[in-house]
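Please read the following points with the model open beside the text.

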Amino acid sequence: MRAREAMRRIARASASASRSSSRGTMMTMLVDDVAARTSTYARCVASNARGHDRGASNASSSTSWASDEELRMMNARVELARVARGAYEDAGKGSSIRADDGVVVAPWVRALVYDVQAFEAWFARRPWMVLRRALVVGYELSLVGVGVAAQRGERRIRARKFTETLTRLGPAYIKLGQVMSTRADVFPVEYVEELAKLQDALPPADAASSIAALERELGVPIKFFDAFDQTPVAAASLAQVYRATLPGGRQVAIKLQRPGLAELVALDAVILRRFVAVVGKWRNFKSDVVGIVDELVGRIFEEMDYTKEADNCERFREVYAEDGDAGVGLAGYIGAPRVVRALSTPSVLTMEWVDGLRLTDIDGMIARGFTPSEVLDRGLRASLHQLLTTGFMHTDPHPGNLIVAANGGVTFFDFGM
């Protein structure tokens, strides 16, 4: 139905444009393009109908969420939807689209990489933006510092306020808090417990701007999905996750980068580098604090490119495939979601929806017949296998990025690092 409707729309547009030869030529090319895509989609449908039993058998034997044939069909559907919407050429570019008329664009729009010299040059021409942000950051952190110095209230309350402050300040500071939450050997237990909430209990971004960004990135409207819950099921420092149903019934998780993320992180990087450089002039640090800021923010920029994350996720799946050579207790028991490439861009990552239990849900594991110590041992063995055998390691395995799968295995998420 979608294919026929797209063809009808373009045919009407072609007829109305027939008075102009140049426009007629362009429309003919577009019709031919859509016709080719329609033919591809039709062949996929026919092939799927003829080989349903065979495809089901293959999917069952490989414990695959969706067959390659299903994903090819989805790719054809997405392309047709983009053409029908008139957004095919721009789909997946989103905020990365650049004008060819000499318009100056931000460095993170040209390339999503950590380029501190380019950031410095960009914000040097926007000093009021830097000053305004610096005042906000300075004010928020000074309130925390005064409270700690004066020992105001209980330590738990101070830790909670510090966590709330980092949340308000945004992704760079949230990432700092996440790192601090893993250092129980350095920080008081109250701070570690409160900062651990930054792993997966953050407020979502504005709904309207988020949905608009998603449609712009994918090049298809929300109604393309059979179902789409506009309330995020999870919100993290760099992204938020939505649950949706693809045409055909497959459940997916859609990871959307927070709108305006790159600009805010770049601005914070400039401010932090200037601050630690000034402090370093009168306090002799034993470490390269500017280098530490560059490392922290550079990692954030690496995580922002979901194309790389999709590649990492699929490579991880191959390592621990059921028919792979990861070994007994790991092959088929360590996993990652399958990526839907047709609905993924540098700022959007669409993956299969995976149900499971949190690693901290001990009662839930026992109720399902799993031994918690065996599950945790499997996760530890997987990390050692990655470190010592494959050399390809998930470097952010905090509880928010791991769940216990239906077979008692461990499924990893978030492959930005």
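1. Leaving aside neighbours within four places in sequence, Phe 301 is in contact (heavy atoms within 4.5 Å) with Trp 108, Leu 112, Val 113, Tyr 114, Phe 119, Ala 262, Val 265 and Ala 266. This is a predicted model, in which local features need pLDDT of at least 70 and side-chain atom pairs count only at pLDDT 80 or more, while totals for chains, interfaces and linings use all residues. Residues are numbered from 1 along each chain as its sequence is written, and side-chain values use heavy atoms, with hydrogens and water left out.

2. Phe 301 is, with Trp 108 and Phe 123, among the residues with the most contacts inside the largest nonpolar core, which has 40 residues. Such a core is a set of buried (under 20% relative accessible area, 1.4 Å probe, protein chains only) Ala, Val, Leu, Ile, Met, Phe, Trp, Tyr and Cys residues joined through side-chain atoms within 4.5 Å. Helix H12 gives the largest share of this core, ten residues. A second, separate core of 27 residues includes Phe 316, Leu 349, Leu 359 and Phe 392.

3. Helix H6 (residues 116–124) packs against helix H12 (residues 261–282) at about 95 degrees, with axes 10 Å apart. The two helices are therefore roughly perpendicular (65 to 115 degrees). Among the contact residues are Phe 119 and Phe 123 of H6 and Ala 266 of H12.

4. Strand E6 (residues 348–352) has five of its five residues buried. Strand E4 (residues 251–257) runs antiparallel to E6, joined by five bridges; Ile 254 stands opposite Thr 350.

Definitions and conventions
Axes are lines fitted to C-alpha atoms, for helices over the stretch in contact, and angles run from 0 to 180 degrees between N-to-C directions. Helices (H or I, at least four residues) and strands (E, at least two) are DSSP runs, numbered from the N terminus. Angles under 35 degrees count as roughly parallel, over 145 as roughly antiparallel, 65 to 115 as roughly perpendicular and the rest as oblique. Buried means under 20% relative accessible area, exposed over 50%, partly exposed in between (1.4 Å probe, protein chains only). Two strands pair if DSSP finds at least two bridges between them.
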